[in-house]
Amino acid sequence: MFEDIPVDVSPMYEGERIRSANMFVELAGPKSIGAELVQVKEDVENGKVEVIGPNLSEMKEGEIYPFGILIEIKGEKLEKELEGVIERRTHELSNYIKGFMHLNQRDQIWCRVSKEAKNAGFELEHLGKSLSILFKEEFPIIEEISITFYTDKKEVEAFLENTSKQYEERDARARELSDEDVDVFYGCVMCQSFAPTHTCIVTPDRTALCGAINWFDCRAAAKMDPDGPIFEIDKGEVLDEIRGEYANVNTVMADKSQGTVDRVYLHSVFGYPHTSCGCFEAVAFYIPELDGVGIVDRDFKGETPLGIPFSAMAGQCSGGKQVEGFAGLSLEYMRSPKFLQADGGYERIIWLPKAIKDSLIDFIPEDLADKIPTEEDANSIKEIRKFLREKNHPIIERLKEAKAKTAEETGSVEEESSIEMEAMPEMEVEGVPMTQVAYAPELTVPSASGGVKIIFRNAKIYAEKVIIKRK
């Protein structure tokens, strides 16, 4: 079946990582552009594989190229609502090919070809032929298939315009439903080859973390392939409607994670946030100094207010981990009326990249739109605090209430903790007794005697009171 493919093709290679030292070329990814799209068509030239732009043999080692994947399919039982489901399987099936790595989805794809595959004579035509066979095996309802690869920059840019329209049409349809309208949610374990303890819970109000699969996609997938990676979850007993906790969801999470995760909140980053895979489009992160939440997406190139870029933050909470104060999410979820509703929704958001803000402006409450800073307004905690005060963001009132509660519960402030604010004008202490005042995925503390370094992972710091003495 794969006799004329110069590399092995097997599920055993799923999860293979191609590091930069072993990379021949990179296709799409964070330093370039790319996308993938599956379209159901009436007229398909079966078996056709076309490359528009330079092929692998024409590429230079170590370079990065734009990349588009168009898969056209035909079949009597195929429906348009299956496009997103079949498209998402491109990730899994591409990774069956030894020496080819595929990450993420939609217009976030990131692919690499290994030096070993290139030396074996691997070309994009071989990728196309392998995918054609694999898709037909996986989905018998596909009767005809053709695949086009784009590596020319102008062609990829034009392709991206079309994919964006298709993605928006799918997402808009899913917004018609809410969680209360259905009795069934869905689980997806497609990413477990990379995140063994992760199960994505998909509801009408909560699109999959990858952003590529919504509730309608899951319904179609589960009907088409009942034994596949997407399955029904009876909604069952609601334990907490605001946080989004359901008894049956907890049971499924415990089962699929082999007991690693037994409780999850669908609409909060605190307590028991949803696990994160690695294909998520963005990360929500807690900023303890201001008791607010920031958002950063995969396309953001700078540092977040926590002083680290998206890549470092994603590394801390991906892989199926459940990390309080951090949660992977899709950008479409930020359009949901239930977006982090247990945490205050957009009233709790105190920083996000301008590109995200612009794309979501119709979904951010009008009275908050100019009160949430972006990287153009503020980048440090001090700058964000100043911006929030000037704009009278709701979080400021929240901080004042917390401060008033502290004064009321303590009755008085000890003389040692009374700081001469004139001498230290930038310092402020805000919070309530025994509240979490800091969270660090990794905290390094040097030893006073030298020679020893202590590393705390997933450290949570609580304080009943903060005493600062001036020397």
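## Ground rules

Since the model is predicted, local features need pLDDT of at least 70 and side-chain atom pairs count only at pLDDT 80 or more, while totals for chains, interfaces and linings use all residues. Numbering runs from 1 along each chain as its sequence is written, and side-chain values use heavy atoms, with hydrogens and water left out.

## The chain as a whole

Let's start with the big picture. The chain has 10 helices and 19 strands (DSSP runs numbered from the N terminus: helices are H or I with at least four residues, strands are E with at least two). Of its 471 residues, 51% are buried. Buried here means under 20% relative accessible area, exposed means over 50%, and partly exposed is in between (1.4 Å probe, protein chains only).

The accessible surface comes to about 21900 Å², and 47% of that belongs to carbon and sulfur atoms. These areas come from the Shrake-Rupley method with a 1.4 Å probe; for residues, only the protein chains shown count as cover. As for contacts (heavy atoms within 4.5 Å), take those between residues at least 6 apart in sequence: 72% of them join residues at least 24 apart.

## Salt bridges

Side chains of opposite charge can pair when their charged atoms come close. The rule used here asks for a side-chain nitrogen of Lys or Arg within 4 Å of a carboxyl oxygen of Asp or Glu, and the count comes to 18 salt bridges. One of them joins lysine 80 to glutamate 83 at 3.3 Å, N to O. Lysine 80 is partly exposed at 49% relative accessibility, whereas glutamate 83 is buried at 2%.

Arginine 263 and glutamate 245 also pair up, at 2.7 Å, N to O. Arginine 263 sits in the loop between helix H6 (247-256) and strand S14 (282-287) and glutamate 245 in strand S13 (residues 245-246), so this bridge ties together parts 18 residues apart in sequence. Arginine 263 is partly exposed at 30%; glutamate 245 is buried at 5%. Then there's aspartate 358 with lysine 354, again 2.7 Å, N to O. Both belong to helix H8 (residues 354-359), 4 residues apart, or about one turn of the helix. Aspartate 358 is partly exposed at 44%, and lysine 354 is partly exposed at 29%.

## A network around arginine 89

Salt bridges link Arg89, Glu92 and Glu138 in a network. Arginine 89 belongs to helix H1 (residues 83-94) and is buried, with 5% relative accessibility. Leaving aside residues up to four places away in sequence, arginine 89 touches Phe135, Glu138, Phe139, Met190, Asp225 and Pro229.

## Tyrosine 186

Where does tyrosine 186 sit? You'll find this residue in strand S9 (residues 184-188), buried at 3% relative accessibility. Its contacts, not counting residues up to four places away in sequence, include Cys200, Val202, Trp215, Cys218, Arg219 and Phe231. Tyrosine 186 and cysteine 218 are 32 residues apart in sequence, yet 6.4 Å apart in space, C-alpha to C-alpha.

Glutamate 155 lies in helix H4 (residues 153-174) and is partly exposed, at 34%.
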